[in-house]
Amino acid sequence: MRDIVNLRGGGSAFVLDLSGPTPVIVHWGADLGESIPDGVPASPVAHSALDRPPVQELVPQASSGWRGRPALEGHRSRGRAFSPALVTTGSRDLGVEGVEITMTDAAAGLVLSLEIQLSPEGMLRLRSTLRNDGDDDFTLQSLSTALPTGLGASEILDLTGRWCREQHPQRQSLRQGTWLREYRHGRTGHDSSLFTAVGTTGFSNRSGSVWATHFGFSGNRVTSVEKTPTGPALIGNAELLGAGEIVLTAGESYETPLTYASYSARGLDGVTDTFHRWLRSRSTHPATARPVVLNTWEAVYFDHKLDSLVELADRAELIGVERFVLDDGWFRHRRTDRAGLGDWYVDEDVWPGGLASLIDAVRARGMQFGLWVEPEMVNEDSDVIRAHPDWISGAGFGRTPVGWRHQQVLDLVNPAAFAYILERLDALLNNNAISYLKWDQNRDLTEMGHTGAPSAHEQTLAAYRLIDELRQAHPEVEIESCSSGGARVDLGILERTERVWASDCNDALERQTIQRWTEAILPPELVGTHVGPTTSHTTSRTHSLSFRAITAIFGHFGIEWDVRTLGDSELLELSEAVALYKKHRALIHSGVAVHGDLVDPAYLLGGSVAQDGSEALYSFVCVATSFDEIPGRVGFPGLDPDVRYDVTVIFPTATSPYNQRSNVGWIPDGITASGRFLAEVGLPMPILNPEQGVLIHLVSSLEASGL
Ligand code: GLA
């Protein structure tokens, strides 16, 4: 067994001391190189405190004197074994990237193993497995990871939201006490934060030290930042278990979801870079160009008619769409959202010839066909629930949970319900040329239960299993995770899906924030972004097409608009936006995501810089009125300082001018400047009204001249 484990990757390190009775975290932060001192000087012992120096245990436990939130909580009958005293009993290298540590409490009959890996991109991943080695049941209450923040940590940043306003940041000072976020949605949740970040004072997009974690799970969970009078603040992540939800019989184990963590010495963009690189390194990461989508939802809603949908497909083809997705409303009884969920048979009245007539028309126009499903849900007004009323998940006692969008959760823990839904989906994919499923999940359930016992844990795993089994049978079908917009965006669901729908809000102004923060963790190719109608259906705001297009381009681009209604100039401008996306998607979907630190909150600058620094695309948008008459100069972050770039404003184009008289003199086109100049001196930006923007393209002069 090694005494010191020094995991290194992506400029960061995770250092453990295994020489004592329990593993101690010496350091999580910047890479320290090869050499770690043999002994780290001990902290002093306070007067009224434990008679030994405090240390940062990998598994904080009350038996070592830890007075904060214990990593492991549980008990045997009548509270026995309530306070485990786990000690290190083994460790095993997991290649160069990781280590597995075993801890045992023989008296309590518990064995805990922890897998810790730090990838070359700097992604730290932790997973714990608890085994009950005793003779009787062990009821698990909680098993969490606790990661210490480093020197100077003083502020907490996380995200919150609601339907149509997901992933909005909130920041606060780090103080004594616990900042606790509990998600009891039975799904990830609209208010779910994609990360919990703690950083040095004023840490920003481009500066400061940041310690950030993400919990890769789509069920109930709890995150915390805990500062006690002893030691640094700890960031905690755990599944939130219901009463008696996990009872381990003799020999049984419970495995936690993965905690992902990243340290950055260069602000949030460093964390983003680690997550993006790591996600892109997965063998399952989408490798093909992300096709332009047309989704029918905000175009026709439930009004499914073959003629109008074929008309829509005609227009889609003209504009350059590559994937046509038929949304909700195609199956039996589904004329409104009050009925039909669960009856996954093509509605014979609406589609007398099945979906084939539409699918053939779509494919004949050179597009893939995608279909909306919501397999985990049922309406009470459905044939399936009329036949199987007991397939509704709930607390038992004959109580049906309060409705949510008139729907209930199908109890997937019930093998018969699981088999039914798997068969329906499999048949659907066998009988139709479907390349893509928009897999929706549209309700919270706070009382998820199976036969009267809590089942959020099992239900989440069953939903994963359902997707996994379907994928195994149909590996060519891509799946999008949608959940009333962005209520299921996490790395657990992304182990088995190719994209997430960030929000039901297609208002470009709202999307600027939602997407910026979703993309803090997820690379843009995984995030669905659509050009919505001129006047947003969810906010009633009206936006120019250019602003909607500029916003949608930095993601997996699509259209969710009744394009049959477009006039010639709109058609032309939308086609230009589609062409622009196609031209630049390889860059956006492989580049380094960068975000400027602009002092003026009226403006946002974001972009993507090619990994080799040869090219970049930025969007500069105005989101509010400013105190200043002109935006002034803006620096472009992330470029190679020694490369000279040709600068061009590529959108809006000549056919979509933004009519700002005072911008007449503003011509950065044709400017050539070094990355250093562009970062340090910057370029003057145009005068924009709120909800206008420009796309600026930079390409290395050498590339441009073909040298
Ligand atoms: C959810 C989704 C939408 C749409 C509707 C259909 O709200 O988030 O995109 O698919 O369901 O009912």
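User: Which residue stands opposite Leu140 in β17?

Analyst: Leu140 faces Ile246 there. This is a predicted model: local features need pLDDT of at least 70, side-chain atom pairs count only at pLDDT 80 or more, and totals for chains, interfaces and linings use all residues. Residues are numbered from 1 along each chain as its sequence is written, and side-chain values use heavy atoms, with hydrogens and water left out.

User: Which residue of β9 is the bridge partner of Gly74?

Analyst: Leu140 is the partner of Gly74. β4 (residues 72-75) runs antiparallel to β9, joined by 4 bridges. β9 also pairs with β16 (residues 234-239), antiparallel, over 5 bridges. One of the partners here is Gly236, which bridges to Ala146.

User: Why is β9 called mostly covered?

Analyst: Buried means under 20% relative accessible area; exposed means over 50%; partly exposed lies in between (1.4 Å probe, protein chains only). In β9 (residues 138-148), 10 of the 11 residues are buried.

User: Where is Met685, and is it buried or exposed?

Analyst: Met685 is in the loop between β38 (683-684) and β39 (692-700). Its relative accessibility is 5%, so Met685 counts as buried. The C-alpha atoms of Met685 and Val621 are 9.9 Å apart, although 64 residues separate the two along the chain.

User: Why is α8 called largely enclosed?

Analyst: Of the 11 residues of α8 (residues 508-518), 10 are buried, so the rest of the structure largely encloses this helix. The buried residues include Ile514, Arg516 and Trp517.

User: What caps the N-terminal end of α8?

Analyst: Asp507 does: a side-chain oxygen lies 2.7 Å from the backbone nitrogen of Leu509.

User: Which residues lie nearest the centre of the second largest pocket?

Analyst: They are Asn205, Arg516, Trp517, His595 and Leu604, out of 39 lining residues. Elements that give two or more residues to this lining include α8, β32 (592-595) and β33 (603-609). The pocket's volume is about 750 Å³.

User: What makes β32 and β37 edge strands?

Analyst: The open sheet has 6 strands in the order β32-β33-β34-β39-β36-β37, with antiparallel pairing. β32 and β37 (671-674) each have a single partner strand, so one side of each lacks a neighbour in the sheet. β36 (residues 644-651) pairs with β37 over 4 bridges, antiparallel. In that pair, Asp646 stands opposite Thr672.

User: Which strands form the open sheet of 3 strands?

Analyst: The order is β1-β2-β3, antiparallel. β1 (4-9) and β3 (24-30) are the edges, each pairing on one side only. β2 (residues 12-17) pairs with β3 over 6 bridges; Ser12 has Ala30 as its bridge partner.

Key
A polar contact is a pair of N or O atoms within 3.5 Å; within protein, one must be able to donate a hydrogen and the other to accept it, and residues adjacent in sequence count only if both atoms are side-chain atoms. On a 1 Å grid over the protein atoms alone, a cavity is a set of points where a 1.4 Å probe fits but cannot get out, and a pocket is an open set with protein on both sides within 12 Å along at least five of seven lines; lining residues have an atom within 4 Å of a point. Grid points are joined across faces, edges and corners, and a volume is the space filled by probe spheres set on the points. Two strands pair if DSSP finds at least two bridges between them.
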